[in-house]
Amino acid sequence: MNIFHRFLSLFTESAEDKARARAHEEALRQRIVERCRLFRRLLSRNKTALELMSDMEARLQGQGPVDMSFVRSSGEKVSTAVRQMVECLRLLAGELYSGLEASFDRIDVQIKGLWTTEEISSVPDVPYVLPLSEIRLDHGHVVGGKMANLGEIRANVGMVVPNGFATTLTAYNAFMEYNNLWQYVSEKTAACDLSRLDETMRLSQDLQTAIFSAQLPPDLERAIEEAVDSLVASEGREVLLALRSSALGEDSKETTFAGQYRSELNVPPEEACHVWKEIIASKYSLSAMSYRLQKGIPDATAPMCVGILAMVDAVCGGVAYSRNPVPTAGREDSVVINAVAGLPESVVDGAGIPDVFYCRRQMPCSIEDRRTERNMLAGLMSEDQICHLARVCMALEGYYLEPQDVEWALNKKGDLIILQSRPLQVLGEEKKTAGELSLTPGSVILAQGGIPASSGVSIGTPCILRKEADMFSFPGGGIMVVERAFPRWATLLPRASGLISETGGAAGHLASVAREYKIPALFSLKNACTLLANQSEITLDAGRGMVIAGRHEELLPEAPPPELEELEKDPAYVVLKKLCALVTPLHLLDPESPEFHPEQCRSLHDITRFCHEKAVNLLFDSHDTQGEKIGKQLKAGAKLQYWVVDMGHAFSRAVEGPVVDIKDICSTPMLALWDGMTAIPWLGPPSAGAAGFMSVVLESTMNPELESTAPTTMTERNFFILDSDYMILQARYGYHFCTVECRAGEGRSENFATFQFKGGAADRERRMLRVRMLAGLLEEFQFRVDVREDALSAVAEGFSQENTLRRVRLLGYLLIHSRQSDTIMLDVPRAAAFREKLFNDMRTVFGRK
């Protein structure tokens with residue numbers, strides 16, 4: 001090589017060098033994308049945790065009912081969210097903050113100790129199977145409540161039940177350990193965001209698939225097969241089997257698990273072991289997992305036992321209640337019998353409309369009313385047999401000393417056979433149907449009739465649900481409208497304000513869960529899906545069997561909040577108070593203090609604060625291999641108020657150095673938000689009166705975290721994470737905190753814009769009035785909004801790219817123009833004028849191109 005070529009090679013790159021550089025750049029981009037993904041996940045869990053804390057504090061102040069289901073559910077959900085934040089920080093920081101896990105574990109153990117008095121790990125010494133003849137009520141901890149009750153009824157109540165046996169807790173544990181399923185379930189669950197329906201559905205499918213493909217331990221398989229052979233021989237006839245779930249905790253008064261687990265009928269004896277795995281797998285069905293999450297029931301405390309019974313050759317069957325679970329005028333003190341021809345299956349799964357009989361509880365028993373539109377029992381069951389069933393239900397109530405929910409069948413010989421008996425929840429006085437109805441003039445009744453499954457009044461947007469995929473688009477606070485009252489719809493009940501079904505009755509599994517959640521439900525309302533398809537908002541009066549167009553708040557019952565002195569006597573409230581002491585206090589205020597350390601975290605709120613603070617630092621203080629910080633400051637005019645992280649495609653050119661100019665941003669959601677922020681100049685906050693000003697002074701004095709000069713991450717770092725069609729902003733504007741997230745691409749189904757807003761300068765009442773004002777404004781532009789205390793969450797999804805960006809512009813406008821407006825909210829004329837100005841401006845911003 002001559003001197004010229006050697007000299008030239010110093011200034012040129014080979015193809016290999018270029019390829020290596022491109023590969024290096026791509027690897028760096030992928031690392032940045034992964035760090036951003038983890039940070040976004042941490043933010044999502046942080047949002048969930050803070051919302052739960054806010055709800056717990058509100059209940060502690062008497063704003064909403066408190067029971068142990070709520071307390072356990074809140075404790076489990078907030079622990080899960082914070083645990084996942086700790087894991088995200090570990091993945092971001094490695095072992096830098098290893099002491100944080102120990103702090104979390106210490107608090108988590110204290111939380112679980114509030115309601116867990118013993119560990120399930122100590123398994124009683126029982127065989128794999130127990131015949132029903134040996135099972136009693138006190139065997140509930142080894143065979144589950146359903147089979148324990150059935151054994152008790154057979155042995156001590158003197159009623160006929162099917163012949164059979166139960167597989168025990170020992171069998172379940174052996175199966176799980178043999179296939180190493182405990183670890184698989186734990187790892188999969190820890191990696192899942194259980195607040196997201198799509199992730200929970202994938203987790204459900206993965207766990208059930210793993211159980212389907214697992215093998216029974218040989219000795220367990222042999223024990224089940226031998227017990228089945230013995231059962232068939234004792235029947236002395238060709239027999240099919242019923243395999244029914246009997247999990248620990250199932251069929252209790254507080255947690256019925258009605259329809260959440262699987263039962264299989266008409267199973268050939270040779271398929272018992274295969275179907276047994278299907279029953280075990282149903283523990284991880286979507287509806288069962290969602291139910292446990294809402295009830296705060298840890299996975300480990302709900303092991304699955306199984307009842308294996310001889311099928312009953314039924315001519316008719318159904319569900320009977322020893323007392324009316326939905327008291328209505330004239331039927332408050334009745335035994336309610338729901339019946340169909342054949343087995344009770346179509347009653348409990350909501351697929352059919354049963355004949356219903358109301359029997360007097362006083363002797364002599366007689367039928368005092370009936371609802372037999374289809375007259376299915378003609379020639380199958382006499383009135384004497386119906387009254388006999390009513391007396392049996394009252395006898396079971398007398399034995400258990402509480403109302404009973406009884407599943408029954410009548411065989412061809414005329415024998416009454418009890419298939420199940422469990423405690424029954426009966427709605428209290430406040431849920432009874434009222435008498436005269438007084439509607440405002442011009443009210444339109446859209447539908448009338450049906451069967452009240454859970455009394456009450458609710459207002460919301462009707463959402464027609466026909467297939468499982470429709471669950472993903474269900475709006476929080478909406479009213480579910482379904483063709484059939486299948487148990488799987490119970491997954492959505494915690495998010496719903498009401499439920500309407502074209503089929504089913506008060507005895508179905510879905511009706512039972514609706515009553516547990518105290519959700520108004522109206523079943524067997526003909527053509528409901530068609531009648532309500534195009535309604536924007538309805539009022540459901542389930543007790544009166546009526547659906548009315550629009551909002552009718554005058555029908556909502558007046559429920560004055562209980563006095564705190566009375567709440568202090570309630571055991572569930574006492575536990576909630578202890579739970580809040582472990583969850584909500586914030587002790588870590590100053591990130592610069594030596595006390596801001598993992599070992600100093602004394603509450604879950606401390607841990608969320610620590611995780612958030614350190615994750616932001618890690619994200620924006622990280623460097624690429626050239627030594628440049630990954631996060632850059634945004635330059636817009638002369639201001640440097642925001643930090644930006646590019647996930648790979650948000651800059652229009654390669655940007656070197658610590659600053660990026662806004663003209664180099666090509667993230668369409670971010671530019672739309674910025675356009676909304678700057679479209680109309682902000683003239684400063686509305687001037688507060690003396691009362692409003694003093695509320696700011698008082699609130700700042702009592703809560704130093706609200707001071708705009710307080711050392712917090714939000715003061716120092718208002719930041720964007722960007723891609724070409726994606727954006728998340730987290731920022732603090734004076735005294736309130738905001739998060740905006742958006743994806744706006746070509747695929748309409750993936751587009752969304754979300755907005756979280758919390759806090760303010762003034763007192764609690766003024767802050768709450770402001771978020772309600774903002775909620776009303778956003779609803780004008782088709783956002784779905786949820787308000788809790790002074791916190792607002794809004795979402796708009798399913799719009800085209802253009803219409804999604806229009807709504808992001810609105811959020812940008814509100815970020816700037818809502819600042820410190822809480823101070824005038826008690827001045828009604830000024831607040832109304834301010835709202836009118838915001839609305840007119842938003843219409844202008846919405847129309848911008």
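User: What makes R488 count as a charge lying over the face of W489?

Analyst: R488 lies 4.9 Å from the ring centre of W489. A charge sits over a ring if NZ of Lys or CZ of Arg is within 6 Å of the ring centre and within 35 degrees of the ring normal, so R488 qualifies over W489. Likewise, the charged end of R806 sits over the ring of F846, 5.5 Å from its centre. This is a predicted model, where local features need pLDDT of at least 70 and side-chain atom pairs count only at pLDDT 80 or more. Side-chain values use heavy atoms, without hydrogens or water.

User: Why is the aromatic pair of F175 and W276 called edge-to-face?

Analyst: Rings of Phe, Tyr and Trp (its six-membered ring) pair if their centres lie within 6.5 Å; planes under 30 degrees apart are stacked, over 60 edge-to-face, and the rest tilted. F175 and W276 are 5.3 Å apart centre to centre, with 90° between the planes, so the pair is edge-to-face. By this rule there are 11 aromatic pairs.

User: Why does the F175 and W276 pair tie together parts that are apart in sequence?

Analyst: F175 lies in helix 7 (residues 169–178) and W276 in helix 11 (residues 272–281), so the pair links parts 101 residues apart in sequence. Helices here are DSSP runs (H or I, at least four residues), numbered from the N terminus.

User: Are F175 and W276 buried or exposed?

Analyst: Both F175 and W276 are buried, meaning under 20% relative accessible area with a 1.4 Å probe, protein chains only.

Conventions. Residues are numbered from 1 along each chain as its sequence is written. Helices (H or I, at least four residues) and strands (E, at least two) are DSSP runs, numbered from the N terminus. Buried means under 20% relative accessible area, exposed over 50%, partly exposed in between (1.4 Å probe, protein chains only).
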